[in-house]
Amino acid sequence: MANFFSNLFNKQSPSVMGIDIGSSSIKMVQISRKNGHAVLETYGELALGPYTGKGVGESTSLSAEKIIEAVNDMLKEKEVNITTRSCGLAIPFSSSLMAVIDMPLATKKQLEQMVPLEARKYVPVPISEVTLDWYIIPKDKNSEPLPDNDTSTVGSQKLEVLIVALHNDTINRYKNIVAKTGLDAGFFEIEIFSTIRSILDEEVEPIMIVDMGASTTKLYIVEKGILRSSHMIDRGSHNITDELSKSLGISLEDAEYLKREKGVLGEINGIALKEVATFTLNYIFSEASHVVMAYQKKYNKNVAKIILVGGGSALKGVVDVAKDLFQTEVVAGDPFAKVVAPAFLEKVLRDTGPEFAVAVGVALRRLQELD
Ligand SMILES: Nc1ncnc2c1ncn2[C@@H]1O[C@H](COP(=O)(O)OP(=O)(O)OP(=O)(O)O)[C@@H](O)[C@H]1O
Ligand SMILES: [Mg+2]
């Protein structure tokens, strides 16, 4: 059932896995460490559409039972041959709530009291129902909390704090999936942080990551490794399939095939595929452009680069469409850049692997945790 697989190396120890349960497919990536390098062992993807009467590439919203069935199917898939259960799981951005809040300069102890109180204003459910995490966004030397014994300048300046809330029901849903699939999960993390880990190096300037999924596109602006801004656009790659199907009068299945085969290049029956696809792409990239401009204006800094990831960014020709619409450098992300893979696979991974950015990032964290 897995439509994309590879079994590359003999097993090494210890092996760990990153799992990304996306709306259109589950991705798993298994890696291990050898001579200080993360080494790719195997990876695979399983489309979720067929679990609910939909096609490959369509987004779903499956019950926990169906997800458990799909994860179990994937773990059994001989051709992918996942051999470890030691893993981490990504939680969708859409299940999280994030906000950047201003706090007065204070000691860490004081902030531990103050941040949850302030967060109440941003979290639409009782704070007791969520798990809250927060990080101080470093700006300059004044963006550290004060030492505990120094309250002399409390309140004199502002700190920016990123708050991240996950509903306890979401966490319980994932705990249940883990329990029913026999996984040994070390952590759950919101997919943004996984993508940042696999895609970014130590860039200092602001970078925007555009994760093009099936029915939504997620935008993250990251500066010095810290998430600064996040947005979701309600269009994704499946909208292109939909439009191809309608304008060419073909089935969704054929349209999906055509999209993956030709991307925005070429034409069918005198209709340029680019014309059809730009409908969705223009919408997505102009929304993204607004986010870039708003950020630049607010912080008076340029976004230096835009990196495309997600299955939707595997569309042939998409980078050029994006380049025409942004005034900023646009590149395709390379999720496997931080793992060693055999040379003959390098091009394949670069061209067909952008949907693995999240799963690779999760696997890399699990590997770090074993150190
Ligand atoms: N080679 C390809 N060319 C064009 N589009 C592709 C290609 N491969 C996958 N896609 C499209 O990418 C989309 C899926 O992307 P991805 O797997 O990143 O989404 P997801 O993680 O399931 O969704 P989300 O993150 O929004 O929950 C599908 O709509 C699919 O048609
Ligand atoms: Mg995804």
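1. Ligand 1 lies between domain 1 (1-85 + 335-371) and domain 3 (201-333), because both give residues to the shell around ligand 1. The domain bounds come from an automatic or database domain assignment. This is a predicted model, in which local features need pLDDT of at least 70 and side-chain atom pairs count only at pLDDT 80 or more, while totals for chains, interfaces and linings use all residues. Residues are numbered from 1 along each chain as its sequence is written, and chains are lettered from A and ligands numbered from 1 in the order in which they are written.

2. The shell around ligand 1 holds 24 residues, and the closest are Gly22, Ser23, Gly57, Gly213 and Gly311. A residue is near a molecule or strand if its C-beta atom, placed from the backbone, lies within 6 Å of it. Two or more residues of the shell come from each of α5 (237-248) and α6 (252-262). Helices (H or I, at least four residues) and strands (E, at least two) are DSSP runs, numbered from the N terminus. By class, the shell has four nonpolar, 16 polar and four charged residues. Ala, Val, Leu, Ile, Met, Phe, Trp, Tyr, Cys and Pro count as nonpolar, Asp, Glu, Lys and Arg as charged, and the others, Gly among them, as polar.

3. The protein chain is divided into domain 1, domain 2 (95-166) and domain 3. The C-alpha centres of domain 1 and domain 3 are 23 Å apart.

4. Strand β2 (residues 15-21) is mostly covered, with seven of its seven residues buried. A residue is buried if 20 or more other C-beta atoms lie within 10 Å of its own, exposed if 12 or fewer, and partly exposed in between, with C-beta atoms placed from the backbone. In a regular strand the side chains alternate between the two faces of the sheet. In β2, Ser15, Met17, Ile19 and Ile21 point one way, and Val16, Gly18 and Asp20 the other way.

5. β2 pairs with strand β3 (residues 25-34) in the antiparallel sense over seven bridges; strands pair if DSSP finds at least two bridges between them. Three residues separate β2 and β3 in a hairpin, and Gly18 stands opposite Val29 in β3. With strand β5 (residues 86-91), β2 pairs in the parallel sense over four bridges, where Leu89 is the bridge partner of Ile19.

6. The largest nonpolar core has 86 residues, of which Met28, Met208 and Ala363 touch the most other members. Such a core is a set of buried Ala, Val, Leu, Ile, Met, Phe, Trp, Tyr and Cys residues joined through C-beta atoms within 7 Å. Helix α7 (residues 273-299) gives the most to this core, with nine residues. Beyond its neighbours within four places in sequence, Met208 is in contact with Leu219, Tyr220, Ile221, Ala288, Val292, Val303 and Ile306.

7. Leu325 is found in helix α8 (residues 318-325). Leu325 is partly exposed, because 18 other C-beta atoms lie within 10 Å. Leu325 and Phe285 are 40 residues apart in sequence, and 6.8 Å apart in space, C-alpha to C-alpha.

Technical notes: Two residues are in contact if their C-beta atoms, placed from the backbone, lie within 7 Å.
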